[in-house]
Amino acid sequence: MISILIAIMLLIIASWLLGPITTYAADKDATIAGEKSISASSSLPGIGILASWGKVTLTWNGRNYAYATMSTYAGTAYYLYAKVSGTDGLGSIPASTNYAYNSSSTTTGKIFSRTTDSPVTWKGYGEIQDTPTSGTQTASTSTTV
């Protein structure tokens, strides 16, 4: 009982000496103003989601640009692949891809629409392989703005 009282007194003294402590959590999903995103969980083709290893996130800024990130839910994966593509009023927008080994995420470069006068469809695609001998899960998502 005395040890509990001593511990409480030490906490009170420490808080008095240190003053108020404010913590700030960084928003890991913070984006640039105007950006929006949508995610899709990975699954084994033809089987669906049994135990998803990760997700693909498509991020876009209106009709201006888009990029994709493939990431794990926890830890690292043996192989990650991300691809972003799109179509605008002038046709297909050249895609951007990226891959990583033994990583928790990989992000493509940005692709840019050639015109903002017509709707743009952005597509994000990703692959994840948990270990060198595991199967490959895929994920895809898209949006039209």
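Which side chains does a polar contact of 2.9 Å join? The side chains are those of threonine 121 and threonine 144, a polar contact being a pair of N or O atoms within 3.5 Å, where within protein one must be able to donate a hydrogen and the other to accept it, and where residues adjacent in sequence count only if both atoms are side-chain atoms.

The views show a predicted model, in which local features need pLDDT of at least 70 and side-chain atom pairs count only at pLDDT 80 or more, whereas totals for chains, interfaces and linings use all residues. Residues are numbered from 1 along each chain as its sequence is written, and side-chain values use heavy atoms, with hydrogens and water left out.

**Figure 1. Overview of the protein.** The protein has one helix and nine strands, taken as DSSP runs numbered from the N terminus (helices H or I, at least four residues; strands E, at least two). From the N terminus on, the order of elements is α-β-β-β-β-β-β-β-β-β. Of the 145 residues in the protein, 34% are buried; buried means under 20% relative accessible area, exposed over 50%, and partly exposed in between, with a 1.4 Å probe and protein chains only. Among contacts (heavy atoms within 4.5 Å) between residues at least 6 apart in sequence, 56% join residues at least 24 apart.

Figure 2. Threonine 121 lies in strand S8, which covers residues 121-129. Apart from neighbours within four places in sequence, threonine 121 is in contact with Ser85, Gly86, Thr87, Thr143 and Thr144. Strand S8 pairs with strand S9 (residues 136-144) in the antiparallel sense over nine bridges; two strands pair if DSSP finds at least two bridges between them. In this pairing, threonine 121 stands opposite threonine 144 in S9.

Figure 3. Side chains of opposite charge can pair when their charged atoms come close. The structure contains one salt bridge, defined as a side-chain nitrogen of Lys or Arg within 4 Å of a carboxyl oxygen of Asp or Glu. The side chains of arginine 114 and aspartate 88 form a salt bridge, at 2.8 Å from N to O. This pair links distant parts of the chain, 26 residues apart: arginine 114 belongs to the loop between strand S7 (111-112) and S8, and aspartate 88 to strand S4 (residues 77-88). Arginine 114 is partly exposed, with a relative accessible area of 42%, whereas aspartate 88 is buried at 9%.

Figure 4. The structure holds six aromatic pairs, counted where rings of Phe, Tyr and Trp (its six-membered ring) have centres within 6.5 Å; planes under 30 degrees apart are stacked, over 60 edge-to-face, and the rest tilted. One of the pairs is formed by tyrosine 78 and tyrosine 101, edge-to-face with 5.4 Å centre to centre and 70° between the planes. Because tyrosine 78 lies in strand S4 and tyrosine 101 in strand S5 (residues 91-103), this pair ties together parts that are 23 residues apart in sequence. Tyrosine 78 is partly exposed at 27% relative accessibility, and tyrosine 101 is partly exposed at 45%. The rings of tyrosine 79 and tyrosine 99 have centres 6.4 Å apart and planes at 35°, so this pair is tilted. Tyrosine 79 lies in strand S4 and tyrosine 99 in strand S5, and the pair therefore ties together parts that are 20 residues apart in sequence. Tyrosine 79 is buried, at 17% relative accessible area. Ring pairs link Tyr78, Tyr79, Tyr99 and Tyr101 into a cluster.

**Figure 5. Lysine 110 over the ring of tyrosine 65.** Lysine 110 lies over the face of tyrosine 65, at 4.2 Å from the ring centre. A charge sits over a ring if NZ of Lys or CZ of Arg is within 6 Å of the ring centre and within 35 degrees of the ring normal.

**Figure 6. Glutamine 137 and the backbone of tryptophan 53.** Glutamine 137 lies in strand S9 and is buried, at 3% relative accessibility. The side chain of glutamine 137 reaches the backbone nitrogen of tryptophan 53 at 2.9 Å.

**Figure 7. Asparagine 102 in strand S5.** Asparagine 102 is located in strand S5. Although not a glycine, asparagine 102 has a positive phi of about 50°. Asparagine 102 is exposed, with a relative accessible area of 57%.
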